[in-house]
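Dear colleague,

Please find below the structure that I am handing over to you. My findings follow it, arranged by topic.

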Amino acid sequence: EADLPVSVKIIELGYDRSKWQAGLADAADSGYNVIIAGTFDMTGYISELAPQYPDVKFIDFDDTPDFTKCDCKNVLGVQYTTAAAGYLAGYAAAKISKSGTLGTILGMEFPTVTDFKTGFDQGAKAANPNVNILNAVAGAFNDPAKGKEIALAQINQGADVVFPIAGGTGIGSLQAVKDSGKLAVGVDSDQATIFSGSDPAQADVIFTSVLKKVGNSLYAALKGTIDGTAPYGTRELLGIKDDAVGIAKNQWYEKLVPADVRAQV
């Protein structure tokens with residue numbers, strides 16, 4: 001709103017999925033020029049609604065419609081090469097691990113989650129071909145107790161760096177890492193910076209985070225919508241060069257990752 005000629009309304013649809021389709025339809029009926037909705041959960045609803053509202057533009061982030069199967073010329077799909085950013089974090093994690101064992105914890109198994117792990121595992125193996133990577137799937141994104149339990153189990157198996165890709169479940173995993181004096185990789189946002197005010201001890205064990213810079217990409221998509229350059233009717237795949245993904249290079253990264261490893265990353 002500060003930079004672009006837009007006014008923004010945020011609509012919270014909550015956790016009851018039965019209300020999502022109706023909520024999106026209400027938004028489409030409400031006179032907005034652009035509707036932004038995200039993740040694979042919303043893509044089916046966007047694909048149904050977009051042909052009915054040809055004058056409304058839809059931005060579907062973190063997923064994309066199948067443009068061969070729907071008349072979605074007013075939809076822009078925005079996806080992210082999170083595996084590339086995961087690779088950088090995995091490389092650093094394997095280099096700073098003293099035990100040679102890393103832990104990964106997934107909330108659930110679907111592409112927007114497993115992409116992080118795919119890259120992380122490849123980066124770790126590039127740094128140390130003999131690295132041992134433990135993996136667990138929590139089955140939920142809102143169970144911190146389960147996340148803590150899984151992380152403690154991995155730490156007991158020798159993991160000294162844990163990477164939770166698990167939403168609220170991962171918050172419990174980060175607590176386990178803090179309590180055990182190990183290190184963690186944050187996800188999506190710069191989690192060390194987020195915790196620095198409320199829980200400095202938690203921030204101090206998160207040596208970096210794998211960033212999916214949704215804000216940057218949506219800003220660019222809106223700018224392109226206004227100037228007519230956004231490629232509606234197609235998917236954009238954004239990566240490191242687009243400043244859409246990356247890793248947090250903050251004070252904890254500088255402190256906990258040796259200079260030679262940072263240079264390699």
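Axes are lines fitted to C-alpha atoms, for helices over the stretch in contact, and angles run from 0 to 180 degrees between N-to-C directions. Please note that this is a predicted model.

Helix pairs

Two packed helices are described by the angle between their axes and the distance between the axes. On the H5 side the contact involves Pro144, Gly147, Lys148, Ala151, Leu152 and Ile155, which meet Gly168, Thr169, Gly172, Ser173, Gln175, Ala176, Val177, Asp179 and Ser180 of H6. By class, the contact of H5 with H6 comprises six nonpolar, seven polar and two charged residues.

Helix H3 (residues 82-96) and helix H4 (residues 111-127) have axes that come within 6 Å and cross at roughly 40°. That crossing angle makes H3 oblique to H4, and the crossing of H3 and H4 is right-handed. From H3, the residues in contact are Thr82, Ala83, Gly86, Tyr87, Ala89, Gly90, Tyr91, Ala93, Ala94 and Lys95; from H4, they are Asp115, Phe116, Gly119, Phe120, Gln122, Gly123, Ala124, Ala126 and Ala127. The contact of H3 with H4 divides by class into eleven nonpolar, six polar and two charged residues.

Helix H1 (residues 20-28) and helix H2 (residues 40-49) pack at an angle of about 45°, with 10 Å between their axes. H1 and H2 are therefore oblique to each other, and H1 passes H2 in a right-handed crossing. Trp20, Gln21, Leu24 and Ala25 of H1 make this contact with Asp41, Met42, Tyr45, Ile46, Glu48 and Leu49 of H2. The contact of H1 with H2 has seven nonpolar residues, one polar residue and two charged residues.

Thr82

With a relative accessibility of 2%, Thr82 counts as buried, because buried means under 20% relative accessible area. Leaving aside its neighbours within four places in sequence, Thr82 is in contact with Asp115, Phe116, Val210, Lys212 and Val245. Among these, Asp115 and Phe116 also belong to the H4 side of the contact between H3 and H4.

The disulfide

The structure holds one disulfide. It is formed by Cys70 and Cys72, whose sulfur atoms are 2.0 Å apart. The torsion about the S-S bond of Cys70 and Cys72 is about -130°, so the disulfide is left-handed. Cys70 counts as buried at 17% relative accessibility, and Cys72 counts as buried at 2%.

Positive phi values

Asp188 has a phi near 70°, a positive value in a residue other than glycine. Asp188 is found in strand S7 (residues 183-188) and is partly exposed, with a relative accessible area of 37%.

Asp243 is not a glycine either, yet its phi is positive, at about 55°. Asp243 lies in the loop between strand S9 (235-238) and strand S10 (245-247). At 37% relative accessibility, Asp243 counts as partly exposed.

With kind regards

Conventions
Residues are numbered from 1 along each chain as its sequence is written. This is a predicted model: local features need pLDDT of at least 70, side-chain atom pairs count only at pLDDT 80 or more; totals for chains, interfaces and linings use all residues. Side-chain values use heavy atoms; hydrogens and water are left out. Helices (H or I, at least four residues) and strands (E, at least two) are DSSP runs, numbered from the N terminus. Angles under 35 degrees count as roughly parallel, over 145 as roughly antiparallel, 65 to 115 as roughly perpendicular and the rest as oblique. A crossing is left-handed if the near helix is turned anticlockwise from the far one by less than a right angle, and right-handed if clockwise. Contact means heavy atoms within 4.5 Å. Ala, Val, Leu, Ile, Met, Phe, Trp, Tyr, Cys and Pro count as nonpolar, Asp, Glu, Lys and Arg as charged, and the others, Gly among them, as polar. A disulfide is a pair of cysteine sulfur atoms within 2.5 Å. Buried means under 20% relative accessible area, exposed over 50%, partly exposed in between (1.4 Å probe, protein chains only).
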